[in-house]
Each structure stands twice: as C-alpha cells, then as structure tokens.
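Hi there,

Here is the structure I promised to pass on. Have a look at it first, and my notes follow below.

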Amino acid sequence: VSFSNFLMGDVHFRKNNLEDAASFYSIFLTSTQTKDYTGIASFRLALCYEITGDRQKAIEYFTASGKGNKDLDDDIFAKRKGLIYQNRSVSKNEIELIKSSNLVENGKYAAAVDTLNNLIPLLKKEELIAEAKMLLTDAYYFMDNTEASLKIGKEALTFEGKENNWIKPFTMYYLARTHLKKGEIAEAKYYVDEAGDFSGYDYQNKLKNLLVSLIKDKE
C-alpha cells in the first residue's frame, strides 16, 4: 500500500501534475517501512516544491534525497543530484528539460519535440544542450522519424556534460536502437560497444541490461 503511493506519485510527476505528485510522495515517505526508493521520492518531491516556487521545502527534501537505498540506481542518482540542488536552485531551463522529459516518458512525443526544439536555441550550457538533444533522439524514435533521431543523437554526442554523466552512454543506446529499427546491425553494435566502454555513470545497471537485451533481440 505504501509503495503504491510512490508509484502514484510517479504517475502524476510524469504527467507534470506536480501538486498531486507531491501529495502521493509525501504519503509514501511517511508510511514506508524501508529505505527503498525514499531517496528518489524525496528528490522528486523536492523538484515538485522547487518548480512550484517553494525553495525552502525543496531544500529540505533535496537534503533528504541522500537517505535512500545506496544499492538502487534511483536512490544513487537522487543522492548525487540532491547534493547539487541543495546548494543552488534548479534553473528555468533545467525545469523545462524536466517537464520535457516527463512528456517523453508520458508518451506525448509530438509535444516534447515542439517544446525541445523551441528550448534548444535558448540553452547555453553544453550539458543541457546534450540532454535536450538526447530527449529529442528518444522522442523522434517513437515517432518513427529515424533520420531525425540519428541526426540529433549524433549531435548530442558532440557536447560535454559533467553533472549529467549518463547522457553520452544513454544517447549511444538510443542511437543503437534506432539503427536496429532501420536494420543496420553493424552500426547498432558499434554504438552498443561504445556505450559499454563507459563506467561510473548514473543508472549504469539499467543501461547495461538494456544494451544486452537490445542485441540479443536481433541475434
């Protein structure tokens, strides 16, 4: 029952229904009996407060983001990002990227593409540009626009990102997946191998499983 509130929080978070998401995350955090996913729930709750203008509450939950299960990718990510946002606010452009990511997760690909294409010319930090282009790569894939997916994905790889070290390997996974959709096996395996050379990034366990299953599906 407690964990179902966490999942409901995620449902509303991905729909950018931040007040509803905050309510469910709060219930989860006060009712759960384990540390599992308390880090990511605190982090997303902090984002809900940050985006809706309550910086003090946001700091409180960014600080709590480090108390989750250190063996879970979500909680590891939450700890690292929570430390960053304890000390600085989330920028307007970062907020727009979070909302765009939620559009992709929610299957609203056309809306995500429109938002991201309008946002990219406004971005100055390389890692934000890389993240925006990575999200575009993913959205175009699901819209069956493989040429745009490949073009934007390869552009994303030319930018560097220090705070978000997962962007390049995940972009390579998206490129491999798109090449597979086109039947280009050699190109897909190239990007799978390239992504496999990375280490020490967020959601590494998740991506390694995705890379293995991607190639297995075509063997």
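**What I found**

In the largest nonpolar core, which has 67 residues, Phe 13, Phe 43, Phe 62 and Phe 170 touch the most other members. A nonpolar core here is a set of buried Ala, Val, Leu, Ile, Met, Phe, Trp, Tyr and Cys residues joined through side-chain atoms within 4.5 Å, and buried means under 20% relative accessible area with a 1.4 Å probe, protein chains only.

Please keep in mind that this is a predicted model, where local features need pLDDT of at least 70, side-chain atom pairs count only at pLDDT 80 or more, and totals for chains, interfaces and linings use all residues. Residues are numbered from 1 along each chain as its sequence is written, and side-chain values use heavy atoms, leaving out hydrogens and water.

Setting aside neighbours within four places in sequence, Phe 170 is in contact (heavy atoms within 4.5 Å) with Met 134, Tyr 201, Asp 202, Tyr 203, Leu 207 and Leu 210.

Now to Lys 35, which sits in the loop between helix H2 (18-31) and helix H3 (38-51); helices are DSSP runs of H or I, at least four residues, numbered from the N terminus. Lys 35 counts as exposed because its relative accessibility is 55%, the cut-off being over 50%. Not counting residues up to four places away in sequence, Lys 35 touches Lys 67, Gly 68, Asn 69 and Asp 75. From Lys 35 to Tyr 191 there are 156 residues in sequence and 35 Å in space, C-alpha to C-alpha.

Methods:
Helix = DSSP H or I, 4+ residues; strand = E, 2+ residues; numbered from the N terminus.
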